[in-house]
Amino acid sequence: MSTQTSRMFTCPKCEKDYEVITWDSINVQLDPDLREKLFHNEVFKFECPHCHSVYQIVYPCLYHNPEEKFIVWLVDDKIENDLKIKPEVPFSFASGYTYRYCKKIMEFVEKIRIFEDGLDDRIIEMAKMFCEKQIIDSKRATQEEIAYTVYNMNKDETVEIVTMVKDEAIRMQLNYKDFEQMFLNEEDGYDVNDREFVRVNRDWMYERAQEAFKKTNQ
């Protein structure tokens with residue numbers, strides 16, 4: 001079941017305290033309406049009852065999809081430090097589960113969308129890295145000028161990779177199957193422990209790509 005917690009929050013504008021109800025965990029099979037609230041930015045959005053300012057509050061939240069067999073955990077610094085020391089999953093589910101953790105809401109929501117679209121987040125990160133390299137190699141932007149890169153699923157099973165450079169959105173349409181085959185050819189070094197919470201993001205992919213490059217050039 002999904003679980004909630006009552007917390008006190010201090011409004012940064014009027015500096016008055018008020019109570020908020022946050023979701024510690026979301027079981028989308030039992031509470032499917034929470035999925036839509038999450039995707040419409042309602043789970044982390046709160047309004048101060050005193051000055052009516054609206055804020056996005058980031059707090060730890062665990063998203064569980066039993067049907068697709070994955071758990072994604074939005075964590076804070078403390079939980080992340082604990083996971084680095086002991087990343088093993090502290091509970092038991094059926095085999096075949098995927099465990100990930102994230103630090104940002106946008107990353108958290110995207111990760112859920114990737115898995116619910118039936119895709120591998122490592123392949124998506126490889127596609128993102130490819131697009132960023134194309135942009136850098138074509139001198140449209142430097143690595144430092146790239147704000148972020150996100151994924152969209154198209155109806156024809158291609159993926160759209162959107163890279164934000166300053167105020168410009170650079171869009172590329174890619175064939176997921178091509179990158180899936182590329183990933184399978186280079187899978188060594190990109191594997192993860194299926195009993196640990198892992199943060200698979202841009203940094204994770206770049207580190208492993210660099211390690212793979214070093215191996216092939218030894």
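**Exercise 1.** In this predicted model, find which residue of β9 is the bridge partner of Met 153, then describe how β8 and β9 pair.

*Solution.* Step 1: the partner of Met 153 in β9 is Val 159. Step 2: locate the strands; β8 covers residues 146–153 and β9 covers residues 158–165. Step 3: the two strands are antiparallel and are joined by 7 bridges. Step 4: turn to the hairpin they form, where 4 residues lie between the strands. In this hairpin Glu 157 has a positive phi, near 70 degrees.

**Exercise 2.** Classify the packing of helix α4 against helix α5 and list the residues in contact.

*Solution.* Step 1: two packed helices are described by an axis angle and an axis distance. Step 2: for α4 (residues 121–137) and α5 (residues 176–185) the angle is about 105 degrees and the axes are 9 Å apart. Step 3: angles of 65 to 115 degrees count as roughly perpendicular, so α4 is roughly perpendicular to α5. Step 4: α4 contributes Arg 122, Ile 123, Ile 124, Met 126, Ala 127 and Phe 130, while α5 contributes Tyr 176, Phe 179, Glu 180, Met 182 and Phe 183. Step 5: sorted by class, this contact of α4 with α5 holds 9 nonpolar, 2 charged and no polar residues.

**Exercise 3.** State how α3 and α4 cross and sort their contact residues by class.

*Solution.* Step 1: the axes of α3 (residues 105–116) and α4 cross at roughly 115 degrees and come within 10 Å. Step 2: on α3, Glu 110, Lys 111, Ile 114 and Phe 115 meet Asp 121, Ile 124, Glu 125 and Lys 128 on α4. Step 3: the residues of this α3 and α4 contact comprise 5 charged, 3 nonpolar and no polar.

Notes. Residues numbered from 1 in each chain as written. Predicted model: local features only at pLDDT ≥ 70, side-chain atom pairs only at ≥ 80, totals over all residues. Heavy atoms only, no water. Axes fitted to C-alpha atoms, helices over the stretch in contact; angles between N-to-C directions. Parallel < 35°, antiparallel > 145°, perpendicular 65-115°, else oblique. Contact = heavy atoms within 4.5 Å. Nonpolar A, V, L, I, M, F, W, Y, C, P; charged D, E, K, R; others polar. Pairing = 2+ DSSP bridges.
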